[in-house]
Amino acid sequence: QDFARSHPGGTLGRQLLLRVEQLMRSGDALPEVRPEAPLGEGLLEMSRKGLGMTVITDAAHRILGVFTDGDLRRALDRHIDIHRATMREVMTSPCKTIGPRELAAEAVHQMEVHRITALPVADAEGRLIGALNVHDLFRAGVV
């Protein structure tokens, strides 16, 4: 931490100091739908928000799962009727999440280990409070 504070502008300083909460997107920028939403609505939300995923939550905003383009490909492989399917049928659940106080470098590590490009950010009760993707980490100089 001393090194990071002495060299905050360097790559190593950013990796040691930046927290997920400083980089995450929040509020209206979050792609979020309910499990009963049609697949088409989830796709539109994913496209509008540009994070590469849609987070499926319950009425209390607790994270139930995620939907990505990989989930769409898997649904097509399973011959699911994309015009009738709901998000519950096509989402990945449970999904990987990260806490807001985690280091941004930990988000990079999770994305590498699990071969994913985006993470929902959850509070202690599992509610969606943010999200970030690999591009957010690149822009911040963490990667």
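This is a predicted model: local features need pLDDT of at least 70, side-chain atom pairs count only at pLDDT 80 or more; totals for chains, interfaces and linings use all residues.

Author: His 79 is exposed, with a relative accessible area of 72%. This follows because a residue counts as exposed when its relative accessible area is over 50%. His 79 sits in the loop between helix 5 (69-77) and helix 6. Its backbone deserves attention as well: phi of His 79 is positive, at about 60°, although the residue is not a glycine.

A second residue may be set beside it. Arg 115 also has a positive phi, near 55°, and is a residue other than glycine. Its place is in the loop between helix 7 and strand 4 (118-122). With a relative accessible area of 77%, Arg 115 is exposed.

Pro 94 belongs to the loop that links helix 6 (87-90) and helix 7 (104-114).

For contrast, one may turn to Asn 133. This residue is found in strand 5, which covers residues 128-133. Asn 133 has a relative accessible area of 3% and is therefore buried, the cut-off for that term being under 20%. The side chain of Asn 133 reaches the backbone nitrogen of His 135 at a distance of 3.0 Å. When neighbours within four places in sequence are left aside, Asn 133 is in contact with Arg 25, Gly 50, Leu 51, Met 111, Thr 117 and Ala 118.

The protein chain contains eight helices and five strands. Read from the N terminus on, its elements follow the order α-α-α-β-α-β-β-α-α-α-β-β-α. The protein chain has 143 residues, and 41% of them count as buried; Asn 133 is one of the buried residues, whereas His 79 is exposed.

Two further values describe the chain. Of the contacts between residues at least 6 apart in sequence, 55% join residues at least 24 apart. The accessible surface of the protein chain amounts to about 8000 Å², and carbon and sulfur atoms account for 52% of this surface.

Conventions:
Residues are numbered from 1 along each chain as its sequence is written. Side-chain values use heavy atoms; hydrogens and water are left out. Helices (H or I, at least four residues) and strands (E, at least two) are DSSP runs, numbered from the N terminus. Buried means under 20% relative accessible area, exposed over 50%, partly exposed in between (1.4 Å probe, protein chains only). A polar contact is a pair of N or O atoms within 3.5 Å; within protein, one must be able to donate a hydrogen and the other to accept it, and residues adjacent in sequence count only if both atoms are side-chain atoms. Contact means heavy atoms within 4.5 Å. Accessible areas come from the Shrake-Rupley method with a 1.4 Å probe; for residues, only the protein chains shown count as cover.
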